[in-house]
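Please open the model in a viewer and keep the selection tool at hand. The stops below are meant to be taken in order.

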Amino acid sequence: MVTASKLSAWFLWLGLYSFLGWAYEVALWRIDPGIWINRGFLFGPLCPIYGTGAMIALLLLYRRVSSIPLLFLAGVVMATGVEYITSFVLEQLFGLRWWDYSYLRFQINGRISLLGALVFGVLTVLLIRVMHPRVEALTHRLTDKTKVRAASILALLIAIDCCMTVAHLLANA
């Protein structure tokens with residue numbers, strides 16, 4: 001049975017992994033051009049594509065797949081699938097491309113690349129084998145009331161950010 005506490009824990013994990021994805025993207029782009037660029041779709045410090053990819057990996061792989069090579073391959077397939085679909089949907093909805101890998105040698109329609117796929121494979125292994133067991137343990141230390149309150153606040157902040165972001169995008173379309 002799905003309880004409010006379990007649902008809240010999953011939502012908090014979605015927020016955490018979305019934030020970590022945003023931090024990864026900002027750090028990656030900071031290194032290359034040497035300037036700060038908000039790489040997220042939203043105004044705030046979240047990249048929901050990373051959170052979504054992490055949730056899919058957790059739902060399908062966590063405590064189910066122990067083989068590191070299989071985790072890696074599954075991460076490659078799942079994450080690039082999420083990345084391709086997200087790129088396509090965002091472009092259809094807003095007429096914009098948030099990323100374009102056309103400059104890379106091994107890419108498909110500029111939406112996904114071999115390099116990105118390999119990175120996502122490694123990140124999936126790290127998520128499943130290293131990071132999430134610790135995150136889950138920390139989450140279980142929180143009271144049910146604390147998880148529900150924190151998830152509610154996070155949901156409100158994300159909803160506000162989504163409304164502001166979409167309003168901005170539509171106003172500038």
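The model is a predicted one.

**Stop 1: helix α5**

Select residues 144-171, which form helix α5. This helix has 28 residues, and the distance from its first C-alpha to its last is 40 Å. That reach is close to the 40 Å expected at 1.5 Å a residue. Which residues of α5 are buried? Colour Lys147, Ala151, Leu154, Ile158, Asp161, Thr165 and Leu169 to see them. An α-helix has 3.6 residues a turn, so residues three or four places apart point the same way.

**Stop 2: the largest nonpolar core**

Next, select Trp13, Tyr17, Leu58, Leu61, Leu127 and Ile128. These are the residues with the most contacts inside the largest nonpolar core, which has 17 residues. Helices α1, α2 (48-61), α3 (68-94) and α4 each supply at least two residues of this core. Which helix gives the largest share? The answer is α2, with five residues. In soluble globular proteins, nonpolar side chains tend to be buried together.

Centre the view on Leu127 and display its surroundings. Leaving aside residues up to four places away in sequence, Leu127 touches Tyr17, Ala54, Ala57, Leu58, His132 and Pro133. Among these contacts, Tyr17 and Leu58 are also listed with the most contacts inside the core.

**Stop 3: a nonpolar surface patch**

Switch to a surface display and select Phe19, Leu20, Val122, Leu123, Leu126, Val130 and Met131. Together they make a nonpolar surface patch of about 520 Å². Both α1 (4-31) and α4 (114-141) supply at least two residues of the patch. The most comes from α4, which gives five residues.

Leu126 is placed in helix α4, and its relative accessibility of 43% makes it partly exposed. Met131 also lies in helix α4 and is partly exposed, with a relative accessible area of 34%. What does Met131 touch, residues up to four places away in sequence not being counted? Its contacts are Tyr17, Leu20 and Leu126. Of these, Leu20 and Leu126 belong to the patch, whereas Tyr17 is listed in the core.

**Stop 4: the salt bridge of Arg63 and Glu136**

How many salt bridges does a search of the whole structure find? It finds four. Begin with Arg63 and Glu136, whose side chains meet at 2.7 Å, N to O. Arg63 lies in the loop between α2 and α3 and Glu136 in helix α4, so this pair ties together parts that are 73 residues apart in sequence. Are the two partners buried or exposed? Arg63 is exposed, with a relative accessible area of 66%, while Glu136 is buried, at 10%.

**Stop 5: the network around Glu91**

Now select Glu91, Arg97 and Arg111, which are linked in a network of salt bridges. The side chains of Glu91 and Arg97 meet at 3.5 Å, N to O. Between Glu91 and Arg111, the closest N and O atoms are 3.1 Å apart.

Glu91 counts as partly exposed, at 23% relative accessibility. Arg97 is partly exposed as well, with a relative accessible area of 35%. Arg111 is buried, with a relative accessible area of 8%.

**Stop 6: two positive phi angles**

Finally, display the backbone torsions. Most residues other than glycine have a negative phi. Return to Arg63, in the loop between α2 and α3: its phi is near 65°, a positive value in a residue other than glycine. Then move to Asn109, in the loop between β1 and β2. Asn109 has a positive phi of about 55°, although it is not a glycine.

How values were computed. Residues numbered from 1 in each chain as written. Predicted model: local features only at pLDDT ≥ 70, side-chain atom pairs only at ≥ 80, totals over all residues. Heavy atoms only, no water. Helix = DSSP H or I, 4+ residues; strand = E, 2+ residues; numbered from the N terminus. Expected span 1.5 Å × (residues − 1). Buried < 20%, exposed > 50% of the residue type's maximum accessible area, 1.4 Å probe, protein only. Patch = residues over 30% accessible without salt bridge, like charges linked within 9 Å, V, L, I, M, F, W, Y side chains within 5 Å. Areas by Shrake-Rupley, 256 points an atom, 1.4 Å probe, with all protein chains shown as cover. Core = buried A, V, L, I, M, F, W, Y, C linked by side-chain atoms within 4.5 Å. Contact = heavy atoms within 4.5 Å.
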